[in-house]
Amino acid sequence: MKQQWHPDPEPIKTNDPAAIAVGTAAWAVALVVLLIVRPAPENTWWIWTCLTGVGFGLFGIWLVRRPRK
């Protein structure tokens, strides 16, 4: 039995920079909380994880907003 071919649906319009900004803001809030609470010395990797999340988020915002050629 053959399946019928259906055309691909139209792409959904999204606001990618806003979605990335929300994630970046969440990492920034987590970073501020961790800097206030000060985790145990063996858990300082959480701070570096938050810094990495903020860094990648800023890079992501730049990446999706740059002009297309």
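Student: Where does Val32 lie, and what makes that stretch a helix?

Tutor: Val32 lies in helix α1, which covers residues 16–37. Helices are DSSP runs of H or I with at least four residues, strands are runs of E with at least two, and both are numbered from the N terminus. This is a predicted model, in which local features need pLDDT of at least 70 and side-chain atom pairs count only at pLDDT 80 or more, while totals for chains, interfaces and linings use all residues. Residues are numbered from 1 along each chain as its sequence is written, and side-chain values use heavy atoms, with hydrogens and water left out.

Student: Why is Val32 called partly exposed?

Tutor: Its relative accessibility is 47%. Buried means under 20% relative accessible area, exposed means over 50%, and partly exposed is in between (1.4 Å probe, protein chains only). The 47% of Val32 falls in the middle class, so Val32 counts as partly exposed.

Student: What makes the nonpolar surface patch with Val32 a patch?

Tutor: Val29, Val32, Val33, Ile36 and Val37 make this patch of about 480 Å². Nonpolar side chains (Val, Leu, Ile, Met, Phe, Trp, Tyr) are joined within 5 Å, and like charges within 9 Å. Val32, at 47%, passes the accessibility cut-off.

Student: Which residues of α2 have contrasting labels to work through?

Tutor: Leu58 and Gly55 are both found in helix α2. Leu58 has 51%, which is over the cut-off, so it counts as exposed. Gly55 has 35%, so it counts as partly exposed.

Student: What makes the phi of Arg38 worth a remark?

Tutor: Phi of Arg38 is near 55°, a positive value in a residue other than glycine. Most residues other than glycine have a negative phi. Arg38 sits in the loop between α1 and α2 (45–65). With a relative accessible area of 55%, Arg38 is over the limit, so it is exposed.

Student: How do you know that the protein is more spread out than a compact globule?

Tutor: The protein has two helices and zero strands. Its radius of gyration is 19 Å, while the globule rule gives 11 Å for 69 residues, so the chain is more spread out than a compact globule. The radius is taken over C-alpha atoms, and the rule is 2.2 Å times the number of residues to the power 0.38. Along the principal axes, the C-alpha atoms fill a box of roughly 60 × 40 × 15 Å.

Student: How many of the 69 residues count as buried, as a percentage?

Tutor: The buried share is 14%.

Student: What makes a side chain positive or negative in the charge count?

Tutor: Lys and Arg count as positive, Asp and Glu as negative, and His and the chain ends are not counted. On that basis there are 7 positive and 4 negative side chains, with the centres of the two sets 10 Å apart. Each charge is placed at NZ of Lys, CZ of Arg, CG of Asp or CD of Glu.

How values were computed
Patches are made of residues with over 30% relative accessible area and no salt bridge: like charges are joined within 9 Å, nonpolar side chains (Val, Leu, Ile, Met, Phe, Trp, Tyr) within 5 Å. Accessible areas come from the Shrake-Rupley method with a 1.4 Å probe; for residues, only the protein chains shown count as cover. A salt bridge is a side-chain nitrogen of Lys or Arg within 4 Å of a carboxyl oxygen of Asp or Glu.
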